[in-house]
Amino acid sequence: MILRVLFFVTAVSGLNAAETLRVAAAANLVHAMTDLTAAFQDTHPDIKVETSFGASGSLVAQIKHGAPYDVFLSADLDYPQALIATEHAREDSLTIFAVGQLALWSSHAERDMRDLATTLRSPSIQKIAIANPATAPYGRAARQALMQLGLWTLLQPKLVIAENISQTAQFVDSGNADLGFVALSSLKSPPLAGRGAWQIVPASLHSPLVQGAVITKRGADNPAARKFMDFLRSDVARNVFARYGYDVPASRE
């Protein structure tokens with residue numbers, strides 16, 4: 001499932017047409033990108049940004065097959081590095097912009113979430129949603145956490161596999177899953193903020209969700225791509241990521 005969101009700003013410089021920037025972004029960024037794009041266009045009103053969302057691995061497959069994206073924002077570093085290795089992205093553009101956090105979420109506020117293993121083992125839990133570990137870094141992190149807790153094999157019959165981390169939250173929100181391993185950023189977003197009960201999954205249980213961005217081979221000739229990458233390193237962007245529950249690298253400005 002690829003979510004597409006279009007942000008339009010008309011050209012303001014005479015008859016010059018607006019530049020277009022096409023961004024492929026991991027599904028955990030779906031809410032943060034609204035604020036990021038608005039902030040970016042405050043200083044670049046002549047750039048029209050078109051954003052597509054999906055699992056990082058799915059977006060990489062699209063880019064390798066010619067999808068017209070200029071910039072790729074991944075939920076990990078492995079996928080951008082894979083694009084660099086096959087010359088589908090510029091190595092000198094690789095930028096770490098945030099570190100994601102994984103959370104276990106229930107839409108029921110009364111759920112006791114203090115001990116993750118106890119909650120996951122509860123007989124009342126029938127369905128547990130995770131993103132596809134094969135294509136979604138947050139899903140891979142969820143699998144790692146379950147393995148570290150010794151629960152991966154035990155809970156196999158209860159797992160509901162979502163296409164991406166955004167769909168994982170939808171499964172829990174709709175009642176199709178009792179629990180879900182979701183991005184903390186989703187729980188900080190207006191649709192879900194303050195709802196249900198959740199607990200951050202300790203970072204010691206999974207590989208760090210270090211998120212990286214690259215300019216694709218197609219975007220190398222698009223000046224707007226470089227402008228957006230510079231923006232990702234700015235304090236303005238860092239503040240947006242922090243507001244959505246991400247850890248952010250030290251400022252380079």
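Is Glu 50 buried or exposed, and what is its relative accessible area? In this predicted model, Glu 50 is buried, because its relative accessible area of 18% falls under the 20% limit for that class.

**Confidence of the model**

The mean pLDDT of the protein is 92, and 92% of its residues reach 70 or more. Residues 5-16 stay under 50 in pLDDT, and the model has 23 contacts for them beyond four places in sequence. Where pLDDT is low, the predicted coordinates should not be read in detail.

**Salt bridges**

Twelve salt bridges are present in the structure.

| Glu 19 | Lys 227 | 3.4 Å |

The salt bridge of Glu 19 with Lys 227 has its closest N and O atoms 3.4 Å apart. Glu 19 belongs to strand S2 (residues 19-26) and Lys 227 to helix H8 (residues 223-232), so this pair ties together parts that are 208 residues apart in sequence. Lys 227 counts as partly exposed because its relative accessibility is 29%.

Asp 112 is partly exposed, with a relative accessible area of 41%, whereas Arg 114 counts as exposed at 71% relative accessibility.

Ser 74 is placed in the loop between strand S4 (71-73) and helix H3 (78-85). Which class of accessibility does Ser 74 fall into? Ser 74 counts as buried, because its relative accessibility is 0%. The side chain of Ser 74 makes a polar contact of 2.9 Å with the side chain of Asp 76.

Which residues does Ser 74 touch when those up to four places away in sequence are not counted? The residues touched by Ser 74 on that basis are Ala 26, Ser 56, Tyr 79, Pro 80, Phe 97, Gln 211 and Gly 212. One of them, Ala 26, lies within the span of strand S2 (residues 19-26); Tyr 79 and Pro 80, also among them, lie within the span of helix H3 (78-85).

Note on methods:
Residues are numbered from 1 along each chain as its sequence is written. This is a predicted model: local features need pLDDT of at least 70, side-chain atom pairs count only at pLDDT 80 or more; totals for chains, interfaces and linings use all residues. Side-chain values use heavy atoms; hydrogens and water are left out. Helices (H or I, at least four residues) and strands (E, at least two) are DSSP runs, numbered from the N terminus. Buried means under 20% relative accessible area, exposed over 50%, partly exposed in between (1.4 Å probe, protein chains only). A polar contact is a pair of N or O atoms within 3.5 Å; within protein, one must be able to donate a hydrogen and the other to accept it, and residues adjacent in sequence count only if both atoms are side-chain atoms. Contact means heavy atoms within 4.5 Å. A salt bridge is a side-chain nitrogen of Lys or Arg within 4 Å of a carboxyl oxygen of Asp or Glu. pLDDT is the predictor's confidence in each residue, from 0 to 100.
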